[in-house]
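Work through the exercises below with the model at hand. Each task is followed by a stepwise solution.

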Amino acid sequence: MLRKIPHEIVASILAATTAFVGGNALHLPPWAIFISWAGTYLAGGPHLAVMKRLWAAMPVGSTYALIIVLLDTKWGNAFGTSTLATDAVLAIIILVVNTALMYTGRIKVFSLIPGMFFGFASFFATYFGGFGWDTSNPWVAWIAVIAMNALGPIYAWLAEWLVKPRGVVVSPEQERSSVD
């Protein structure tokens with residue numbers, strides 16, 4: 001029987017390729033790939049149905065996070081410029097927008113709420129972390145994070161595809177015994 005390449009080796013090789021994602025002129029957030037890569041496994045593994053649910057949910061979360069940044073940029077000083085005043089406005093914005101995000105999770109196509117929060121948190125980390133080709137532009141962060149989150153399920157699928165021995169069907173019992 002052909003031996004498969006250990007998952008640890010394949011995952012590490014794939015992880016190494018993300019250095020080229022962040023290390024280019026676009027300064028994309030490679031860690032956003034890891035968020036959705038791990039999320040793929042948490043949601044059930046790299047199966048097309050899981051991947052589609054993540055691809056639908058993550059951009060929704062990123063979009064709601066973008067809305068928070070845009071609203072805060074426009075109305076963040078509505079109550080004044082003190083920390084308490086700006087925090088109060090931000091709290092109201094988060095309350096309203098996050099409520100809308102949670103209600104959006106009731107729509108079947110967007111119902112993978114953890115996926116929405118992967119996109120939500122990834123957007124904030126991208127924008128406030130200074131990633132993207134224009135670090136002051138929230139729209140650039142939005143584009144960058146949606147693209148990088150979309151790659152995570154693909155990396156998960158590649159990892160599984162690359163560890164499978166070619167032309168050999170492995171039973172679940174054989175798979176478990178090869179891990180021990």
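**Exercise 1.** Locate Phe79 relative to the helices, and classify Phe79 as buried or exposed.

Solution. Step 1: Phe79 lies in the loop that links helix 4 (48-75) to helix 5 (83-104), helices being DSSP runs of H or I with at least four residues, numbered from the N terminus. Step 2: the relative accessibility of Phe79 is 52%, so Phe79 counts as exposed (buried is under 20%, exposed over 50%, partly exposed in between; 1.4 Å probe, protein chains only).

The model is predicted: local features need pLDDT of at least 70, side-chain atom pairs count only at pLDDT 80 or more, and totals for chains, interfaces and linings use all residues. Residues are numbered from 1 along each chain as its sequence is written, and side-chain values use heavy atoms, without hydrogens and water.

**Exercise 2.** Describe how helix 3 packs with helix 6.

Solution. Step 1: the axes of helix 3 and helix 6 (residues 113-128) are 10 Å apart, at an angle of about 165 degrees (axes are lines fitted to C-alpha atoms, for helices over the stretch in contact; angles run from 0 to 180 degrees between N-to-C directions). Step 2: helix 3 is therefore roughly antiparallel to helix 6 (under 35 degrees is roughly parallel, over 145 roughly antiparallel, 65 to 115 roughly perpendicular, the rest oblique).

Methods
Helix = DSSP H or I, 4+ residues; strand = E, 2+ residues; numbered from the N terminus.
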